[in-house]
Amino acid sequence: MAKADFYETLGVVKSADDKELKSAYRKMAMKYHPDKNPGDASAEAKFKECNEAYETLKDPQKRAAYDRFGHAAFEQGGMGGGGGPFGGAAAGGFSDIFEDIFGEMMGGGRRQSSGGRARGADLRYNLEISLEEAFAGKTASIRVPTNKSCDTCSGTGAKPGSSPTTCTTCSGTGRVRASQGFFSVERTCPTCNGRGEVISDPCTDCSGQGRVNEERTLSVNIPAGIEDGTRIRLSGEGEAGFRGGPTGDLYIFISVRPHEFFQRDGADLYCKVPISMTTASLGGQFDVGTLDVSNTRVKVPEGTQPGRQFRLKGKGMPVMRHSAMGDLYIQIAVETPQNLSKRQRELLQEFEEISAKETSPQSSGFFSRMKDFFDLGE
């Protein structure tokens, strides 16, 4: 039985452009897809015919051969070499349906050979800085071991005077397809490993890789106010691509060392300051250093309790890429006297004896409430 004309199968005229071909193919494929017509042998046959027609007409060379010789162009011994395991328009299958119909909707399209020029890998560099450096910002110099494009072969991987050639197994696509009945299986070309090109005379300096090892020194701008865990991206500073492919990126991961005195929470800083019991009771003052290399005097009022906080406005961290500043919070810790002498103990005992409830209202009030709550009596 003679095959139907490919143009008639898809329902287009012979002068149809690529866009019209694809649109017609999608409609027919969706209409006759086996999943929509389970058990319908005629629909399955029509689906295969549509797939075969589109596989032929979407390829400019195959389409030109079909327009000139018809189906004879792809019969055994014809121009298409259809008798081989990877030739012929009937090699298409489910992979083409998913790629052609759903590829664009998924944000992609049909796979294209990159000519062996794979993108270089992204690199990671861990950089530790002090809190003072995070406060002021800095320009850091780092040394990064990576790959760079080979100067000898200009990244092609081929010896100077020669060049890569198109892989004859996959015709430069990097993929080969084998038909197995109704299905087709597509895999990476074993000859060129999916690159679409082969190098018969590789560069001796890079062994055909198109890149060589190198340690580079880079300058990294650390902005003021940067936080622990921030990632800085240096575009194009990663590994060189394979055989002239695009270069990857370098990611700098910032870690800020713990500070001896300050703890950070966003743009705010916290500092716990121990003071003596007498200073907390009678009042006083002390100086605290800040990251802007200045001293700020903190006045402690009489009767200051442990845990009280004093806010020093604008003495915290810069807000990255803004002019605002965080605050510094001073948290008071009252230190209980230790290693008392006999005289000091006597003085404290005398103070305890003559103290009235008003000198320690929280303590006396707490035990009074507990006594009443549990009915402890005297």
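Predicted model: local features only at pLDDT ≥ 70, side-chain atom pairs only at ≥ 80, totals over all residues.

Biologist: Let us begin with the strands. In which sense do β14 and β15 pair, and over how many bridges?

Modeller: β14 (309-312) and β15 (328-335) pair in the antiparallel sense, over 4 bridges. As an example of a bridge, Phe 310 has Ile 330 of β15 as its partner.

Biologist: Which side chains of β14 point to one face, and which to the other?

Modeller: The side chains alternate along β14.

Biologist: Where is Met 320 placed?

Modeller: Met 320 belongs to the loop between β14 and β15. Its relative accessibility is 22%, so Met 320 counts as partly exposed; the limit for buried is under 20%.

Biologist: With which residues is Met 320 in contact, leaving aside its neighbours within four places in sequence?

Modeller: Those contacts are with Pro 223, Ala 224, Gly 225 and Ile 226. Distance in sequence and distance in space are separate quantities to read: Met 320 and Phe 135 are 185 residues apart in sequence, and their C-alpha atoms are 9.5 Å apart in space.

Biologist: Let us turn to the cysteines. How many disulfides does a search of the whole structure find?

Modeller: A disulfide is a covalent bond between the sulfur atoms of two cysteines. The search of the whole structure finds 0 disulfides. Cys 167 is in none, and the nearest cysteine sulfur, that of Cys 170, is 3.7 Å away.

Biologist: Finally, what volume does the second largest pocket have, and how many residues line it?

Modeller: Rolling a probe the size of a water molecule over the atoms shows where empty space is left. The second largest pocket has a volume of about 980 Å³ and is lined by 28 residues. Nearest its centre lie Met 277, Ser 281, Phe 351, Thr 359 and Ser 360.

Biologist: Which elements each supply at least two residues of that lining?

Modeller: They are α7 (277-282), β15, α8 (342-354) and α9 (361-374). By kind, the lining of this pocket divides into 12 nonpolar, 13 polar and 3 charged residues.

Terms used. Residues numbered from 1 in each chain as written. Heavy atoms only, no water. Buried < 20%, exposed > 50% of the residue type's maximum accessible area, 1.4 Å probe, protein only. Contact = heavy atoms within 4.5 Å. 1 Å grid on protein atoms, 1.4 Å probe; cavity = no way out; pocket = protein on both sides within 12 Å on 5 of 7 lines; lining within 4 Å. Points joined across faces, edges and corners; volume = space filled by probe spheres on them. Nonpolar A, V, L, I, M, F, W, Y, C, P; charged D, E, K, R; others polar. Disulfide = S-S within 2.5 Å. Pairing = 2+ DSSP bridges.
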